[in-house]
Structures are given as C-alpha cells and as structure tokens.
Amino acid sequence: MREFSTPLLVEPSSHRNATELLMQRFRTSPDHVAFEVRAPEGAITDPWRQVTTRQFVEEVRALAKGLIAAGLQPGESLAIMSPTRYEWAVADMAAWFAAAVVVPVYETSALPQVAAVLDDAAVRLAVAGTAGHALLLEQGFEQAGRTNLGVWTMDARPGADLAELKLRGAAIPDSTVEERRLLPDLNAVATIVYTSGTTAAPKGALITHGNFVGQVLNVGAAYTGVVREGGNTVIFLPMAHVLARGLQLICLANGMRIAHLSDPKDVVPALGVLKPTFLVVVPRVLQKILASAAGAAARKRLGLVWAAAQQTAVEWGRFAEAHDADPSLRAPFGLRARHAVFDRAFYARLRALMGGRLDYLLSGAAALDAELSLFFRGLGLPVIEGYGLTETTAPLTGNMPDAIGAGTVGVPMPGTTVRISDRGEVLARGVGVFAGYRRPADNQGVFTEGYFHTGDLGELDELGRLTLKGRIKDVIVTAGGKTITPAIWEGYVEGDPLVAHAVMVGEGKPYLGGLVLLDPESVTAWAEREGINDLAGLRIPDDGGAVQIEDARLLSTIGKAVSAANAKLARSEQVRKFVLLLADLSEANGMVTSTMKLKRTAFTERARHIVENLYAESRSQA
C-alpha cells in the first residue's frame, strides 16, 4: 500500500457556504466584469454583452425571490436541464440563494432518465433551457407521479419563463433572500449529481457546500498562475457536469471572466474573439487540433516539414519538463534553432488560432497521450492534465504548472490524500470527497476507513504523481490465465485522430482482440486529404448496432496505430486481431454516457456477433 498527501492551503471554514465564494468577490470587486454573454441570435464575432459581478448578484437575487415566491422551501430540490449558457449560472446560484439543492439533468437525457432523476431526487421545481426541455421535464414529472411547482424556461415563454418568475418574486424583500442564503452550512447538501453510469445504473452523489468551498479555495490557491485576476475562460463543457460548475466557481471567486458556449463547434471561432487565458478541454479536442494542423500542412505539400516540426515540438516539450526539475539546464543549440524556425512557421500560427493569449490548457475526462502533451508544451501551450470524478467534486489530482509530468495526472489536490490499495485501486480522502450516495444501498463498499473507492487502478511515483492504469471492472482474464488491463492499449490507439474509441476484448479467449470505433468526422477529413472519394460502406447504422468497415486503406492506416500500441506492450498484452467499426455513438442510443464515455458492457453486448467472428476467423490483421 502506498499513499501521498498534499496539505490543505486554505481552511474552508472561513466561508458559511458556497454562496460566499460569490459574495466575497461582490464585496471587494462589484464592478469587475464576471461574464461575457453572447446575444441569443448573435454571431460569434458580434460583440458579447459584459456582466459585472454586481449585475450577476442582482439577477441571482431577483430569481431567488421568484423561487421563494413559487413556494420552493429550504432543502428542497430544483432541477436544471439546459445546454451550457449564462442563464444556467444564474439559476444555479439563485437556487443556492434560496437554500435549495440543485439537481443537474443532462440536456441530452431521454424521458426515462429524466423521470428517474426527478423521482429519485424528489425534485419540486425545474428550470429548462428551451420549450423542448420544458416538455421533457413536464412529462418526467408526470411519469414519476410527482406534484411540482412548475417548469420555467430560460428562453422566452409567456407566463412560464424566468422573467415571469422574477416578476412573481418582486415583492419578496432582500432580507428574506439573505436569511435563506445563510441557512445552509458547509455540511449541507448543495447538489445531487447523477453519475454517468458506464458500468452500472446512475447514482445520485451528494455533494456538499463544504466540498465546493474546499475545492474552490484550495485549487485557486494552488494554481495562482492559471486562475488569476484579469484572466478569462470559455466554458463549453456541459454545465450538468460537476467540473464545469466547479470551474465556474473558481473563476467567480478569483476574478476570471467567463463565457459560455453550448456547441463545441463554436469554440475555435470564438477563441479569436474572446482570447481566453485558460481553457478546459478533453484530449479529443487536442487530437483534432493536431490532425487539422497536419492536414493543412499536407495540402500545402509541407507534410515532411510538418513532421519535423511536430517532432521538434515533442523534443522541446521533453526539454521543458527536464528544465522544470533543473532550471540550470540549457537546450542544445540545434534544438533551439529548429524550435525558433518552426515557431515562426507553425507554432505561432497555432497559438494565434487559439486566441493568442492562452497560458495553459487543462485536460481531463480521458487519458491524454504523453506525446500529445509534450507536443502542445513545445508549441508554448502547456497542458495541465488532471483526474477526478463526480464523487470527488471534480479534481482529485492534477499536474502543477511548474512540474508537469506528461503521462501522469499529477499529485493530489491540496487537502487530499490518495492511497493505492493492495489490489492497485486508487482510494481518496479529502475536502472534495462527497458525502455519499443518495440511496443507502449504493453506499455499500464505497468507503473503507474514510477512503472512497474510485474503481480506478493506478500507481504513485516517488513524487506523488498518479498514473492511471484503467478500471478494475474492465480487467480481462484470457484463457491462459493472464490478467490484462485493457485501458493502456486502448489509450494508445485512441491517440489516433481517426479513432473515437478502442475496446480490447478477449475474456476467456486464447488471445486479445480489438474493436476500433472510427470517428466519422475525422475519417471524412482524412479521406479528403488523401484524395479518397470512394469509401464504401462508411455509413453509421441507424438500427442501434455496429457495422464493420473493410476498406483496405483505413485498415492499413489504423493498423499502424495498432502496431505502434502493441510495440509499447509485452507480447501477452498485445492485440492480435482487430476490426474497424462504425456505430451510433449517441447517448440516446445507449452507447455512451452524458459525458461521451463509452458504455463498454452495452457496446460489447451489441457487438457480440462481431467479437465471435473475430475469434472464428483464422486470418490475422495485426
């Protein structure tokens, strides 16, 4: 057993509850611009409306009055179902001002999921983004058989929108809101967040005001060079995800300007307008940026030059990491010269594409390939990789700006201890670890001696940095009795931009196989670059299943990624055969979670006939 602790930097008890994170900022800097808000029908390049901390507090207070006037009582639950937008932030904080508990509902959720959440969390009132979301919530209440205080929309809807709700609360005095705001203490539940459920039914995680306050204060103190006065960010993660809400609170508390985007496709055009200093992304975004740059170079017949530039960036990133450990190191002259040339030719343009002001990128939600991290470090865009769960109020560990270790997810956050059990599981205890699940039955075996069982496998190095090794439940035992952790091979293969997901199979089989799910958008772009216009069978099935792709050119291209992954592993851990697949990777189809993580069990069950054929065939592809 091995463990590592990072001391608490800021004591959470300095705050009554999470609303104080906003109110302290309001008292010191009321005229600071806290948000930039896009006009409802405005173009990305149109001017964005600026909202000061004072204006935000006034909107929050007015909506809180409306919630109180509607009959919402302290401790009752309020659901929010909407794409990421400014009004999400207003509704979230207003609920806390009214002493309510916030229950996020992913905007992509189907009716049975909506009804289950409304019922399990005993929701009394709901806020919807659009009329469509309102209809789903109304049907969800009906299906759950729950009386409610209405469904109110962010979009204009006569008699049933947030503007109307504010009007209803106009007579409520400020003093009443202030009394409500101060009711919850740090031990009170602030939100019930339902887990994604990759391997089991979603569970309601009880996250307290103390969890949010502890994380916000300590993460802010640890990352002062990232979360800073005058900086700004763009949030395009789903606001139903605890990471997005935690990030928003950190920015509010530390004077960073926030903009919201609901469509990830709008992010790149918005970067040039908003010019963020900090951005939270998933590895897939970084992969696509790299692939796009490579494609642009190939179209200009600069493929070989770009390959040299890419390798130089990785080398520079590796040097930068060594320099973190020993500031006296100096890069070799040849590397400095090459980096300077490629910076003018490529790197500076990529930085400009991302707004030109980015100090850091934060990557989470999935494993980040070490070379991809080094590449962006070499560009001058360091990537801080972190790791966390809903149950840890997002960040559990993270690399520090001056000590980034590519391939690791960093050290425990301040006030947190990470322990590796005898079976290799990551256990956690600290300020961000939740109070438990809503249903008592879900808490069996979740905590041991105060440590939360994450279900992830990992290792700690001598510096306390955590490296993840996959999920305990995903371990494969072959016919020969060899125990394999598939996440390592899968992560390597998923580093290819053409790959959406990779799944290793082989439970009880004589050798390991691989199911490689293609990313249709990336494959289309690749085909255009390669001058291929006859990809046969490249069609996403509409029957909920998966279709196998036999195109020789794609098999050859992906085969290189598979071979490269195999070369990094012991022979017993290598995939001998693989197939290429296309599938409807939507939450509605039941293949992925709300955070776009593949539901392995559901997917492999639907692809069972393909797996059987994989082992029935005698020819080898890899």
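How much space lies in the largest cavity? About 60 Å³ of space lies there. This is a predicted model, in which local features need pLDDT of at least 70, side-chain atom pairs count only at pLDDT 80 or more, and totals for chains, interfaces and linings use all residues. Residues are numbered from 1 along each chain as its sequence is written, and side-chain values use heavy atoms, with hydrogens and water left out.

**The cavity**

- A search of the whole structure finds one cavity of 30 Å³ or more. A cavity is a set of points on a 1 Å grid over the protein atoms alone where a 1.4 Å probe fits but cannot get out, and lining residues have an atom within 4 Å of a point. Volume is the space filled by probe spheres set on the points, which are joined across faces, edges and corners.
- The residues lining the largest cavity are F56, A89, D92, M93, W96, R245, Q248, L249 and L252. Two or more of the lining residues come from each of α3 and α9 (242-254).
- By class, this lining has six nonpolar, one polar and two charged residues. Here Ala, Val, Leu, Ile, Met, Phe, Trp, Tyr, Cys and Pro count as nonpolar, Asp, Glu, Lys and Arg as charged, and the others, Gly among them, as polar.

**The nonpolar cores**

- The largest nonpolar core has 89 residues, and F35, F56 and M93 have the most contacts inside it. Such a core is a set of buried Ala, Val, Leu, Ile, Met, Phe, Trp, Tyr and Cys residues joined through side-chain atoms within 4.5 Å.
- Helix α3 (residues 86-97) gives the most to this core, with 10 residues. Helices are DSSP runs of H or I with at least four residues, strands are runs of E with at least two, and both are numbered from the N terminus.
- Apart from this core lies another, of 36 residues, with L286, I289, Y347 and L374 among them.
- Leaving aside neighbours within four places in sequence, F56 is in contact (heavy atoms within 4.5 Å) with residues including L22, F35, M93 and L252.

**Helix α16**

- In helix α16 (residues 520-530), the buried residues are S522, V523, W526 and A527. They lie on the same side of α16 because they cover an arc of only 140° around the axis, taken from the directions from the helix axis to the C-beta atoms.
- E521 and E528, on the other side of α16, are exposed. Buried means under 20% relative accessible area, exposed over 50%, and partly exposed in between (1.4 Å probe, protein chains only).
- The buried residues of α16 pack against α11 (283-299), β26 (512-518) and α17 (552-567).
- Just after α16, G531 takes a positive phi of about 70°.

**The second largest pocket**

- The second largest pocket has a volume of about 980 Å³. A pocket is an open set of points with protein on both sides within 12 Å along at least five of seven lines.
- Its lining has 30 residues, of which L290, Q310, G495, D496 and P497 lie nearest the centre. By class, 16 are nonpolar, seven polar and seven charged.
- Helices α11, α12 (303-325), α14 (370-379), α16 and α17 each supply at least two residues of this lining.
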